[in-house]
Amino acid sequence: MAKIALSVICYNNETEILEFAQKLSRQKNHEEIVLLVTCNSCKNPEELQNRLKKIKENTYVYTPEKNIGYLFGCLYGLSCYTEAYNWAIVSNTDIDFVTADFFEMFLETKYTEDVVCVGPDVMLATTGMHQNPFAQSRPSRRIMRFRRWIFSNYGRFVLYNWLSLVKKKLIRTSEGHAQSGLVYGVHGSFIILKKQCISDLIIDKTPIFMYGEELYIAEKLREKNLLTYYDTQLKIIHNENQTTGKVNDRRKQKWFEQSMTYLVDRYWYIKRKKI
């Protein structure tokens, strides 16, 4: 039985998928990890499956009828895989594991029973900035409404992204990042979840295509009083050069707007009493 089901997306990036499988095969305990690949857009899924099997035997490729985005693409792979496992991972493929014992350390760590989500220390390769924790505490309604306002307009979206890029370039340090502990949410590039959470996420149909998965998962867990843990002993380097870099800004803006509108309306909306 695999202890971990790790799910990724292929979107015309077959070469990187193969490289990611190589990285997994070099990990200790790699035989306890099954790799699931959802082909949102692939030239030849059958050929990809055959090539992946030569690198990592316990790999499976699935092809939905259309592009279903990042989070729900990964969840699609997990829904197709019917064998037993303990933990699921939703992951980007543009990452590097700092050590060969990443998964060994994770499996040996004893988290409390109510911790169902774990996020590693994710460091941007370009700046040394740490992307976890995504949020120490829950964003306020004012902040979420502000984000929705930013992402509802293309000009504001472009300006916000430019300012974020400037901030990333200014923060070029690996010092002073948060210590291990409970947090509100972890970065979407690599999210570890107990299997018990997956079915609830799969059946909950949402309009989140890309972006906002961190907030969505955090709120789903919060509804059930389940906890998220940021673990600094687990280290990943995020190259942040993958699929979304191929998407133009106008499409990104629409996806951000769609996600923020849904999240604010569902989780941060306050119904006013009639007078």
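Student: Is Lys220 buried or exposed?

Tutor: Lys220 counts as buried, at 6% relative accessibility; buried means under 20% relative accessible area, exposed over 50%, partly exposed in between (1.4 Å probe, protein chains only). Bear in mind that this is a predicted model: local features need pLDDT of at least 70, side-chain atom pairs count only at pLDDT 80 or more, and totals for chains, interfaces and linings use all residues. Residues are numbered from 1 along each chain as its sequence is written, and side-chain values use heavy atoms, with hydrogens and water left out.

Student: Thanks! What is Lys220 in contact with?

Tutor: Setting aside neighbours within four places in sequence, Lys220 is in contact with Asp200, Leu201, Asp204, Arg266 and Tyr267. Contact here means heavy atoms within 4.5 Å.

Student: New topic: which residues does Arg147 touch?

Tutor: Pro139, Leu215 and Met260, not counting residues up to four places away in sequence. Arg147 is partly exposed, with a relative accessible area of 26%.

Student: And where does Arg147 lie?

Tutor: In helix 5, residues 141–151. Helices are DSSP runs (H or I, at least four residues), numbered from the N terminus.

Student: At what angle do helix 5 and helix 9 pack?

Tutor: About 155°, with their axes 8 Å apart. Axes are lines fitted to C-alpha atoms, for helices over the stretch in contact, and angles run from 0 to 180 degrees between N-to-C directions. Helix 5 and helix 9 are therefore roughly antiparallel, a word used for angles over 145 degrees.

Student: Which residues of helix 5 make the contact?

Tutor: Met144, Arg145, Arg147, Arg148 and Phe151, and the helix 9 side includes Met260.

Conventions:
Helices (H or I, at least four residues) and strands (E, at least two) are DSSP runs, numbered from the N terminus. Angles under 35 degrees count as roughly parallel, over 145 as roughly antiparallel, 65 to 115 as roughly perpendicular and the rest as oblique.
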